[in-house]
Amino acid sequence: MRWPIVNTTPSSLVRHCRAVMRSCARHSSLDAGQKLHAASITADLLGLPKAFLRNVILQMYAACGDVGSARKLFDEIPVTDKDTVDWTALMDCHGRFGSPMDALNLFVIMRREGVSVDEITVVSLFSTCSRVGNSVFGIQGHTCMVKLGLGFCIKARNAAMDMYAKCGLMIDAKRLFDETTVRNIVSWTVLLWGVVKWEGLVKGKKLFDEMPDRNEIAWTIMISRYVENGFSMEAFRLLREMILGSELQLNSTSICSLLSACTQSGDVVMGKWVHSHALRAIIDATTNIKFETALLDMYAKCGRLNSALQVFKSMPEKNVVTWNAMLGGLAMHGKGAMVLDMFNEMLQEIKPNDVTFTAVLSACSHSGLVDEGRKLFYSLENVYNIKPSMENYACMVDLLGRAGHLEEAEAVIRRMPMKPNEVVLGSLLGACKVHRMQEMSERVVQDLVRLYPHNTEHHVLLSNMYALSGKSEKADSFRKDLRDRGIRKIPGISTMYINGQVHQFSAGEKSHPQIKEIYSMLDEMIRKLKSAGYLPDIASQILSGGGGGVDSNEEEEKEQALLCHSEKLAVCFGLISTKDGTTLYIFKNLRICQDCHSAMKIASKVYGREIVIRDRNRFHSFKDGLCSCSEYW
């Protein structure tokens, strides 16, 4: 970049530079901002007295999310030249793009140094607290806001209310709402989000109907929550009312929120409608990175991997989030080789981050690529200058554990610079179950129960291990102890979307309107599966009763309970509700069990259907008697 030669003075160059820098900040144009920064250094403009050019460059880096450069500029600016805007810009940058705790620490230092705090600073503080769920710091921030006389500022009050709502403190959020005499639409929308999130759709809809005015965000909150809970018809009704009745349009942010809701629920019908609507409603839809990324993420996590790849390949520009979404989608489908190839392509275009490696390591784990995953993990710091995150460690433990390298997995945990969390220890426990390492599993469970006493999955895994090793009395006694302590297993729920309607099944389902036809189909299906070689795995099925010897009646009860698992009922419903050859898509909230996994492989061959199940961890595509996971699950 070169400066104009004619009629230029240092002061005019500084003014021009400041104006362009602010434009770069508004449009998040980091590349242009970096070039302008370099040109400013070459022209020796940074050292000009009272130019405050470093401050504007700092704010540009902060707005673009370049935490390292923003911090470096901040430290270079003399203390006397820093103002509230500079402190707030860096604080907000840390909160949104770096370490939230660094943002909170900056606020503490800011107060200690006597730097004045304004409304924007307080809003940034509450936003960071909301993002990480730090209600303790948020409450202190609220007290500080009142003491500083900022309690009358509606933006600050709304941000405080949002913090309380995001942290689940609805009593405090409602009290602040009631004490706010002059409310705006943001006040109502913040409260609506909290009520819908924590108190349910019924109360949320009541508040929604009471709102004096509604913007696109309020409508999106309600519609997204309906989609997430599987109420597609209600969601479409609200969409129609919003667009036709209120004459509002979905903007790109609302559309991305709806796509996210479709991703969570697995509702691809709604997702396709949103896709179609976006192409008509958003002028730059095909070049909008945020929208296209949300779209490919939806398709991938709803089981339409080819559609996701098509969106990805058609994108003229991709950022690191886009690459991560595509890599993560491929990982969920067990496409390890494709992920490694795409990762190498990514390195030619953009710098990966820790989320990238979580996706790649997960793909290696689900595909049994132990050597490749191990090499990648141990090169994180040396080659890519990235400190392994908790998620990276969890993936590595999972990778080693699935492959049977449990001692190495345990050694990785011991070398972690931070305490292992539930996911890390849970990965090791799951591997212990697969490889029948009972002694190690008991040791891991003790740590998990101590750290997370109310998570039932760890208890259930251990009890199943007792059952598989022939210690049925100990397994039943363990379950009885859990019931006596008031701990209940999370019920498995399988969801299907057929003809625009959601159908949900739990184990032993009785309430579905077509339940008689479903159980009749189940009897037929089990007969055919057994004829094809299916043998129910009753060894791992533990009844709710406590202990006792095993007799023929108990064996029958265990088998019956096993045959009525939610995904088997969902498949039966799909078989009687769709045409021959139609692919069945099922979404389960928990991990599919070994018995259902075996049954689905045989069912796919017997009925000539592809059965795609998304469980809590990944996709299983059953076809012609095989599963896409290749038994790495």
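**Note on selected residues in the predicted model**

1. Thr220 is buried, its relative accessible area being 6%. This reading, like the others below, rests on a predicted model. The residue sits in helix H13, which covers residues 216-228, and the side chain of Thr220 comes to 2.6 Å from the backbone oxygen of Glu216. When neighbours within four places in sequence are set aside, Thr220 is in contact with Leu250, Ser254 and Ser257.

2. Two residues deserve a look for their backbone angles. Most residues other than glycine have a negative phi, and most peptide bonds are trans. Ser28, although not a glycine, has a positive phi of about 50 degrees; Ser28 is found in the loop between helix H1 (10-26) and helix H2 (30-42), and with 47% relative accessibility it counts as partly exposed. Asp624 is likewise not a glycine and has a positive phi of about 55 degrees. The setting of Asp624 is the loop between strand E5 (619-623) and strand E6 (626-627), where Asp624 counts as exposed at 56% relative accessibility.

3. How many disulfides does the model contain? The count comes to zero when a disulfide is taken as a pair of cysteine sulfur atoms within 2.5 Å. Cys129 is in no disulfide, since the nearest cysteine sulfur, which belongs to Cys167, is 7.1 Å away. Cys129 is also buried, with a relative accessible area of 0%. For Cys629, the closest cysteine sulfur is that of Cys627, and because the two sulfurs are 3.4 Å apart, they are too far from each other for a bond. Cys629 counts as buried as well, at 1% relative accessibility.

4. Side chains of opposite charge can pair when their charged atoms come close. The structure holds 21 salt bridges, and one of them joins the side chains of Asp297 and Lys301, with an N to O distance of 3.2 Å. Both of these residues belong to helix H17 (residues 289-301), where they are four residues apart, about one turn of the helix. Asp297 is buried, with a relative accessible area of 17%, whereas Lys301 counts as partly exposed at 26% relative accessibility.

5. A salt bridge also connects the side chains of Arg402 and Asp398, at 2.7 Å from N to O. Because they are four residues apart in helix H24 (residues 390-402), about one helical turn separates Arg402 from Asp398. Arg402 counts as buried at 18% relative accessibility, and Asp398 is buried too, with a relative accessible area of 16%.

6. Which residue forms a salt bridge with Glu410? The partner is Arg443, and the closest N and O atoms of the pair are 2.8 Å apart. This pair links distant parts of the chain, given that Glu410 lies in helix H25 (residues 406-414) and Arg443 in helix H27 (residues 438-451), 33 residues apart. Glu410 counts as buried at 17% relative accessibility, while Arg443 is partly exposed, with a relative accessible area of 36%.

Terms used:
Residues are numbered from 1 along each chain as its sequence is written. This is a predicted model: local features need pLDDT of at least 70, side-chain atom pairs count only at pLDDT 80 or more; totals for chains, interfaces and linings use all residues. Side-chain values use heavy atoms; hydrogens and water are left out. Helices (H or I, at least four residues) and strands (E, at least two) are DSSP runs, numbered from the N terminus. Buried means under 20% relative accessible area, exposed over 50%, partly exposed in between (1.4 Å probe, protein chains only). A polar contact is a pair of N or O atoms within 3.5 Å; within protein, one must be able to donate a hydrogen and the other to accept it, and residues adjacent in sequence count only if both atoms are side-chain atoms. Contact means heavy atoms within 4.5 Å. A salt bridge is a side-chain nitrogen of Lys or Arg within 4 Å of a carboxyl oxygen of Asp or Glu.
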